[in-house]
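Student: Could we go through this structure together? I would like to start with the helices and then turn to the rings.

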Amino acid sequence: MKTSPVARLGSSWIWHLLYGLVSIAAGITAVSWPGPTLVALAVIIGAQLIATGIFRLVGAASLGETGTARTLTAVLGVVSLVLGLYSVRHILITVLALGLLLGVYWIVDGFTAVFAAIDHPGPPGRGWTVFIGVLGVLAGLTLLVWPELSLLTLSFLAGLWLIMLGAMQLGLARRIRILARTA
């Protein structure tokens, strides 16, 4: 049975190693500079929304036919452009919204990790996957239950979570590499 290049990459120890290193670097950055990390994230998201708005407006103008698709693409472009400009202008509100979205994401990601570990008992590091998943759910619930947590605390917690996630990925990469050598 042939496997796709993407499937081979996903099971490669190098993929897990790189993901772990990037996660640790992002986590250290967030822990070291929590304030600038939040501001940079809000500005990046605002810039992405502005770029998406422009892309959609150009796309709507270039659609040859008139109709619903063209209108919806143009409306989506205007909404994205307005949201992007608002996000860049009101960074604190953007960061607060990101905090709520991050809380929901951590919960969903945590449950996904736990269920994946339960559903697939074979991969190495299953216990760590469950642990990180439960930790993600608890962090997400904490963020949603106590939204008055300071934004700097949010950045710090996100940084710690990224460092632990990266360490887990490094351990998994090591185990996969050892298994690949013995197979």
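Student: How far apart are the end C-alpha atoms of helix 5, and what span should its residues give?
Tutor: The end C-alpha atoms of helix 5 (residues 91-119) are 41 Å apart, which agrees with the 42 Å that its 29 residues should span at 1.5 Å a residue. The expected span is 1.5 Å times one less than the number of residues. Helices are DSSP runs of H or I with at least four residues, numbered from the N terminus.

Student: What kind of model is this, and how are residues numbered?
Tutor: It is a predicted model, in which local features need pLDDT of at least 70 and side-chain atom pairs count only at pLDDT 80 or more, while totals for chains, interfaces and linings use all residues. Residues are numbered from 1 along each chain as its sequence is written, and side-chain values use heavy atoms, with hydrogens and water left out.

Student: Which residues of helix 5 are buried?
Tutor: Among them are G99, G103, W106, G110 and A113. Buried means under 20% relative accessible area, exposed over 50%, and partly exposed in between, with a 1.4 Å probe and protein chains only.

Student: Now the rings. How many aromatic pairs are there?
Tutor: The count is three aromatic pairs, where ring centres of Phe, Tyr and Trp (its six-membered ring) lie within 6.5 Å; planes under 30 degrees apart count as stacked, over 60 as edge-to-face and the rest as tilted. One of them is F111 with F115, whose centres are 6.0 Å apart and whose planes are at 15 degrees, so this pair is stacked.

Student: How are F111 and F115 placed along helix 5? Are they buried or exposed?
Tutor: They are four residues apart, and so separated by about one helical turn. F111 is partly exposed at 41% relative accessibility, whereas F115 is exposed at 51%.

Student: What about W128 and F131?
Tutor: Their ring centres are 5.7 Å apart and their planes are at 85 degrees, so the pair is edge-to-face. Both residues lie in helix 6, three residues apart. F131 is partly exposed, with a relative accessible area of 42%.

Note on methods. Helices (H or I, at least four residues) and strands (E, at least two) are DSSP runs, numbered from the N terminus.
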